[in-house]
Amino acid sequence: MIDGKVAVAVVGCGGMGGGHAVAISTGSGQALWMTDGSKGRELAPGDTDLKTKMVLAGTYDVKEERQEWARNQGFHTYDSFEQILEDPQVDVVLVATPNDSHKDLSIRAMQAGKNVLCEKPVMMNSKDLEDVLEVAKETGKVFYPRQNRRWDKDYLIMKKLYEEKTLGDIFHIESRYHGSRGIPGDWRGVKAQGGGMMFDWGVHLLDRLVMMIPEKIKTVYAKMTHVTNDEVDDGFIMQMTFESGLTATVEVGTCNFITLPHWYLCGTKGTAEIKDFRDPGHMVILRSWEDKDATPILMGEGLSKTMAPRNEDTMDDLPLPDITYDRNQLYSNVCDVVQGKAEQIVKNEEALRILRLMEAALESDAKGVAVQFE
Ligand SMILES: NC(=O)c1ccc[n+]([C@@H]2O[C@H](COP(=O)([O-])OP(=O)(O)OC[C@H]3O[C@@H](n4cnc5c(N)ncnc54)[C@H](O)[C@@H]3O)[C@@H](O)[C@H]2O)c1
């Protein structure tokens with residue numbers, strides 16, 4: 001502890017680790033103060049001011065240029081990972097290195113008496129996470145998966161629509177990210193380091209989806225794409241069928257110059273859509289199924305009544321509900337958990353389920369068939 005606050009040391013001070021260092025040291029929780037020196041967003045109503053709970057003890061990176069970057073920001077830098085482990089003030093080691101090093105660093109940190117906040121995907125496979133959780137049990141230390149996109153506002157709004165049945169009963173959900181830059185040319189293109197878009201983005205999209213739908217997943221069918229990269233997947237399309245019959249499509253693409261919506265939620269009374277990060281989204285809600293207003297129209301070279309667009313006066317086109325919440329709840333919860341004041345919001349069993357779900361997707365892709373999941 002430092003001044004009564006939870007002290008965090010970041011190992012791996014690259015894009016994300018540097019972001020954590022900024023987020024914690026400014027107290028804003030926003031990882032935006034990057035190479036151009038800009039300091040990121042202010043705290044919003046509802047956000048925990050992290051300065052009241054946690055403090056950055058320092059950072060360590062194997063690359064000297066990242067050590068220098070950290071020093072230039074005014075952060076304390078450790079000379080080695082061992083030096084972090086030897087620092088009695090450090091409560092939490094935040095692991096933000098490439099995926100293949102998470103296991104070793106997490107185990108060593110817990111065995112040295114430190115709690116661990118580990119970046120996603122926490123491990124390379126579910127067996128590795130089981131091993132790590134065994135060490136957490138033996139040492140009595142906290143292992144906390146950083147599955148942070150459960151706090152994305154677009155997701156929380158969709159979850160609210162789902163839970164409140166605003167669109168009636170949801171029968172199909174699409175969740176996707178489409179980019180057009182290929183995959184980054186770093187370790188994300190290296191299989192042995194846990195590269196590929198299933199590990200990078202799939203983990204987020206799947207985590208959000210299964211937290212929204214509290215049901216067993218019956219079947220999984222997935223096709224990984226290799227448009228711009230042979231070694232690892234540069235995207236995927238995954239279909240899931242839940243116990244109730246609800247279906248979901250989860251998709252990541254990195255060669256999409258025209259993008260499909262981030263969210264597409266289909267209910268028995270309405271449909272909602274959010275196109276991208278800048279789009280506030282909207283929903284269209286039917287006034288009554290009795291009001292069919294069907295007039296055949298010419299579509300292409302044929303007539304159709306079924307596919308004719310509805311008259312606008314039979315439905316309402318509405319903005320999505322706004323929500324206020326604590327964007328820093330994950331960091332805040334980590335502080336509370338290591339002090340024994342709260343349960344983990346992101347549970348290890350949830351992280352394990354996501355790793356198993358990703359494994360089911362890879363199995364489906366390899367075999368070319370749908371696989372049974374739960
Ligand atoms: N949760 C999120 O939203 C989010 C976003 C981006 C990245 N991540 C995750 O964060 C992790 C890091 O990703 P990144 O984008 O910052 O990668 P990066 O390549 O930008 O940074 C990784 C850094 O770790 C350093 N490093 C490697 N091995 C090390 C070791 N043994 N000890 C100390 N430093 C070491 C590298 O030199 C590099 O600077 C990955 O697991 C990634 O999936 C999470």
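**View 1. Helix 8, a mostly covered helix.** Welcome to helix 8, which runs over residues 329-338 and has 7 of its 10 residues buried; buried here means that 20 or more other C-beta atoms, placed from the backbone, lie within 10 Å of the residue's own, whereas 12 or fewer makes it exposed and anything in between partly exposed. Helices (H or I, at least four residues) and strands (E, at least two) are DSSP runs, numbered from the N terminus. The buried residues of helix 8 are L330, Y331, S332, V334, C335, V337 and V338. They pack against strand 1 (6-11), strand 2 (54-60), strand 3 (92-95), strand 4 (115-119) and strand 5 (143-146), where a contact means two C-beta atoms, placed from the backbone, within 7 Å. After helix 8 comes G340, with a positive phi near 70°.

Please note that this is a predicted model, in which local features need pLDDT of at least 70 and side-chain atom pairs count only at pLDDT 80 or more, while totals for chains, interfaces and linings use all residues. Residues are numbered from 1 along each chain as its sequence is written.

**View 2. The protein chain as a whole.** Stepping back for a moment, the protein chain has 9 helices and 16 strands. Its C-alpha trace spans about 75 × 45 × 40 Å along the principal axes. Of its 374 residues, 40% count as buried. Among contacts between residues at least 6 apart in sequence, 67% join residues at least 24 apart.

**View 3. Helix 5 beside helix 9.** Helix 5 (residues 126-139) and helix 9 (residues 348-367) pack at an angle of about 160°, and their axes are 9 Å apart; the axes are lines fitted to C-alpha atoms, for helices over the stretch in contact, and angles run from 0 to 180 degrees between N-to-C directions. The two helices are therefore roughly antiparallel, a word used for angles over 145 degrees, with under 35 being roughly parallel, 65 to 115 roughly perpendicular and the rest oblique. The contact is made by S126, L129 and L133 of helix 5 together with N348, A351, L352, L355, R356 and E359 of helix 9.

**View 4. T59, a buried residue of strand 2.** You will find T59 in strand 2. T59 counts as buried because it has 30 C-beta neighbours inside 10 Å. Leaving out residues up to four places away in sequence, T59 touches V10, C13, G17, A21, A70, F75 and T77.

**View 5. M299, an exposed residue of strand 13.** M299 belongs to strand 13 (residues 297-299). With 12 other C-beta atoms within 10 Å, M299 is exposed. Not counting residues up to four places away in sequence, M299 touches S304 and M307.

**View 6. Backbone details to look out for.** Most residues other than glycine have a negative phi, and most peptide bonds are trans. D3, in the segment before strand 1, has a positive phi near 50°. D3 counts as exposed, with 7 C-beta neighbours inside 10 Å. K165 has a positive phi near 55° and sits in the loop between helix 6 (153-164) and strand 6 (170-178). The peptide bond from K120 to P121 is cis, with omega near -20°, and P121 lies in the loop between strand 4 and helix 5.
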